[in-house]
Amino acid sequence: MGSESSFPKFKVDDHEAFMEFALVQAQKSPPAAKKFCVGAVLVDADRGEVLSTGYSLEYPRDYKGDPGTTHAEQCCFIKIADEHNLPEERIHEVLPPNTVLYTTMEPCNERLSGNMTCATRILRLKDVIKTVYVGIREPGTFIANNDGQQRLEANGVKVVYPVQHLHDKIVGVSMAGH
């Protein structure tokens, strides 16, 4: 998944390093008043290996017929799907059994565009992603009360906030353009 040299190496469970790398991805997202700049990193937790990265608006609007703009988590999944010539909903077939997701912001559970939510995308991977590491909760800027964390946890996915000391930094990057 991604060539060995394309991503930096981190120690297993180095949550700060993986979240900082997700923040680097978020900084690639074009700032705008009507969206957040979010970054995500898909990781083989047993090996500490980055499998894929993504950021908000990395792919064009309505990519492959999916309505609306692309979110960071979605972009991670698209890259794995494209690499293995699979539809996104089948990437669980090629992901390691202990894959985790680092995302700078809580996965969405409602999309104003009508696009599939990131929570749904995670859940349809059939228990391959059992833990999502999150930088910050989604502010109520666009969706009054995002319940992505609640939905994931209700379906057996653990949601962890491992880097509280990076909160202000993540908020600053996420709100670029506001």
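Colleague: Which cysteine sulfur is closest to the sulfur of C118, and how far away is it?

Modeller: Happy to start there, with a word on the source first. This is a predicted model, where local features need pLDDT of at least 70, side-chain atom pairs count only at pLDDT 80 or more, and totals for chains, interfaces and linings use all residues. Residues are numbered from 1 along each chain as its sequence is written, and side-chain values use heavy atoms, with hydrogens and water left out. A disulfide is a pair of cysteine sulfur atoms within 2.5 Å, and the closest cysteine sulfur to that of C118 is too far for a bond: C108, at 3.7 Å.

Colleague: Is C76 buried or exposed?

Modeller: Buried means under 20% relative accessible area and exposed over 50%, with partly exposed in between (1.4 Å probe, protein chains only). C76 has a relative accessible area of 0%, so C76 is buried.

Colleague: Now the loop between β4 (129-136) and α4 (148-154), where N146 has its place. With which side chain does the side chain of N146 make a polar contact?

Modeller: N146 counts as buried, at 3% relative accessibility. A polar contact is a pair of N or O atoms within 3.5 Å; within protein, one must be able to donate a hydrogen and the other to accept it, and residues adjacent in sequence count only if both atoms are side-chain atoms. At 3.1 Å, the side chain in polar contact with that of N146 belongs to E138.

How values were computed. Helices (H or I, at least four residues) and strands (E, at least two) are DSSP runs, numbered from the N terminus.
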